[in-house]
Amino acid sequence: MNTETIVRQRYAASAKERADKLCCPVAYDSDFLEVIPREVIERDYGCGDPSRYLREGETILDLGSGTGKICFIAAQIVGPKGKVIGVDMTDEMLEVARRNAPIVAERISYCNVEFRKGRIQDLALDLELLDRQLTSSPITDAASFLAADELAEELRVKHPLIASDSVDVVVSSCVLNLVEPKSKRQLFEEIFRVLKKGGRAVICDIVSDEEVPEEMQKDPELWSGCISGALTEEGFLAAFERAGFYGIQILKRDATPWRTVQGIEFRSVTVEAFKGKQGDCFERNQAVIYRGPFKEILDDDNHRMERGRRYAVCDKTYNLYKKAPYREFFEFVDPIAEVPLAEAKAFDCSRTSLRHPKETKGQNYDVTTEANDKCCDGGGSCC
Ligand SMILES: C[S@@+](CC[C@H](N)C(=O)[O-])C[C@H]1O[C@@H](n2cnc3c(N)ncnc32)[C@H](O)[C@@H]1O
């Protein structure tokens, strides 16, 4: 069974005519649906709404954009200063999305959405560019097949469909499960590649509570119906971790399964994961205190911290913790004498060490002060 061909055929048909029961019902913000043409809304094959986690001005990439509904909602959230790109491999889906894009643009008075043809596990290859080149030099024999392979490689480098480090948020709804098993690892690596440092993925997909048996994976109907290509709940999170993401969390998990097949439950989850923990570690005498409520935590760089204790962290970790999704869990202790980054020494991030208060204050710090009248709520009302 060639899963990709089966998937393409099924979604080509579902673009032309609405298919029932192809993915679970989703409640979208009705205000955003007002400007979206009916045929787009009707052909909704998603399993969640990643658009509710987007912000004004962001550049969004929607994987497996279908008829474009998530892109058209995202266009309104990010506004005229933001940008939305939908990628899909099925011509019939792209046709519906592209035909409706000018209608939405006119209704919202700006145009910030475009649709590109590609496979989401190979976001560098622009399939329309490749199509055009192959029309002038078609594949007729083994030599031209090998030449086409070289051409594809050249296009990936010189004219990538989606450039590296170019996107603020990668979103998707009910598509990752459709990618064939041998390409799943590359798919997560591609999501990582196209994100800017500090960017994030917000992915809604169907996951299973148990491994899907091989027999079920061979069923074309179940595969293209977003069932048997599902990763397990654990496997889904682990795939983000393996690709280098940090701060991975389940934003939403449907308590009720969308479908149960042979006793295996398939449900929708929405997962968020961040890019940006890679890089050099510098010592600037900063410290953090984990506030709780858990007794201890372990982050994606293997820093293990007990609640309430003061830990030494490198400048990179310090700044990561100051942002979502960590910010609310930490207290931050700056050194009294700042260490300029240019003068900072390397920091050994392979172990977690406690930081004595004298390190952040300075060994000779022996100040004595009167009671600070700005303590407690800052209004001078305490004691
Ligand atoms: C279940 S539908 C979801 C469509 C859309 N996200 C929505 O919410 O309605 C899956 C979509 O992903 C596309 N698709 C599936 N596998 C793909 C792949 N490997 N690369 C690009 N698009 C893919 C299909 O053509 C189809 O439009």
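I began with a definition: axes are lines fitted to C-alpha atoms, for helices over the stretch in contact, and angles run from 0 to 180 degrees between N-to-C directions. Helices (H or I, at least four residues) and strands (E, at least two) are DSSP runs, numbered from the N terminus.

This is a predicted model, where local features need pLDDT of at least 70, side-chain atom pairs count only at pLDDT 80 or more, and totals for chains, interfaces and linings use all residues. Residues are numbered from 1 along each chain as its sequence is written, and side-chain values use heavy atoms, with hydrogens and water left out.

**Entry 1: two helices**

I looked up helix H8 (residues 184-194) and helix H11 (residues 233-243). They pack at an angle of about 55 degrees, and their axes are 9 Å apart. That makes H8 oblique to H11 (under 35 degrees is roughly parallel, over 145 roughly antiparallel, 65 to 115 roughly perpendicular, the rest oblique).

I then listed contacts (heavy atoms within 4.5 Å). Phe 188 and Phe 192 are among the H8 residues that meet H11, where the partners include Phe 236 and Phe 240.

**Entry 2: strand S9**

Is S9 buried or exposed? I found 10 of its 11 residues (264-274) buried, so the strand is largely enclosed by the rest of the structure. Buried means under 20% relative accessible area, with a 1.4 Å probe and protein chains only.

Next I checked its partners (strands pair if DSSP finds at least two bridges between them). S5 (residues 195-208) runs antiparallel to S9, with 9 bridges. Asp 205 stands opposite Val 269 there. S7 (residues 246-253) is also antiparallel to S9, joined by 5 bridges. Tyr 246 faces Phe 274 in S9.

Conventions: Buried means under 20% relative accessible area, exposed over 50%, partly exposed in between (1.4 Å probe, protein chains only).
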